[in-house]
Amino acid sequence: MSTATKDLSYIEELVAQYPEHKGGTLTIMQKIQEREGCLSPEALDELARCSGVSVNELYGVATFYSFYKFSPPGKHTIQVCLGTACHVRGGAKILAELERLLGIKVGEVTADGKFGLVRIACLGCCALEPVIAIDGKFYPRVSVRQLPSILAAYQDQ
Ligand code: FES
């Protein structure tokens, strides 16, 4: 994402459109994320300035909901299921190995913006445990050994 100063004037317009304190703030943050892909520090600063709600309070509200992101999404989103069925079958090991291979922690995006790593409570196919999904494509009964070749398939995409 460009580091050039962004035009955040639309946030002031959103605050005028949704003046209610808490409910309005949630809606505005949702609209910022739809537009920018995440809630950047600059956007939250601007929302705090325009709304009078402190940055700390905005972060407090946003971090309560897993929906809100604080960095731009990766080009490819890797979802690792850590629901009960997948956890019992080694989901945590899969996640730890992906963190090691990618050099990021869950919730982060690689420096080149290629991969984002998120944890999911259940991907809805518990019989295929442990399972991960990349951009919606499922990898059932995945093993630690398979991960490098799975990631390699996305390197040039
Ligand atoms: S627990 Fe992993 S898909 Fe349901």
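Of the 16 residues in the largest nonpolar core, V80, L98, V131 and I132 touch the most other members. A nonpolar core here is a set of buried Ala, Val, Leu, Ile, Met, Phe, Trp, Tyr and Cys residues joined through C-beta atoms within 7 Å. A residue is buried if 20 or more other C-beta atoms lie within 10 Å of its own, exposed if 12 or fewer, and partly exposed in between, with C-beta atoms placed from the backbone. Two or more residues of this core come from each of β1, α6, β2 and β3. The largest share, 4 residues, is that of α6.

This is a predicted model, in which local features need pLDDT of at least 70 and side-chain atom pairs count only at pLDDT 80 or more, while totals for chains, interfaces and linings use all residues. Residues are numbered from 1 along each chain as its sequence is written.

Leaving aside residues up to four places away in sequence, L98 touches I78, V80, L117 and L147; contact is taken as C-beta atoms, placed from the backbone, within 7 Å. A second, separate core has 12 residues, among them I11, I28, I32 and L44.

The chain has 7 helices and 4 strands, in the sequence pattern α-α-α-α-β-α-α-β-β-β-α. Helices (H or I, at least four residues) and strands (E, at least two) are DSSP runs, numbered from the N terminus.

The 4 strands form an open sheet of mixed pairing, in the order β2-β1-β3-β4. Strands count as paired if DSSP finds at least two bridges between them. At the edges are β2 and β4, each of which pairs on one side only. From one strand to the next, the twist averages 25°. Helix α6 packs on the sheet, where it touches β1, β2 and β3, and its direction makes about 150° with that of β1. Axes are lines fitted to C-alpha atoms, for helices over the stretch in contact, and angles run from 0 to 180 degrees between N-to-C directions.

| Element | Residues |
|---|---|
| β1 | 76-81 |
| α6 | 91-102 |
| β2 | 115-120 |
| β3 | 132-134 |
| β4 | 137-139 |

Strands β3 and β4 run antiparallel and are joined by 3 bridges. The bridge partner of I134 is K137 in β4.

Over the whole chain of 157 residues, 24% count as buried. Of the contacts with a separation of 6 or more, 59% are between residues 24 or more positions apart. The C-alpha trace spans about 50 × 35 × 20 Å along its principal axes.

Methods:
Contact = placed C-beta atoms within 7 Å.
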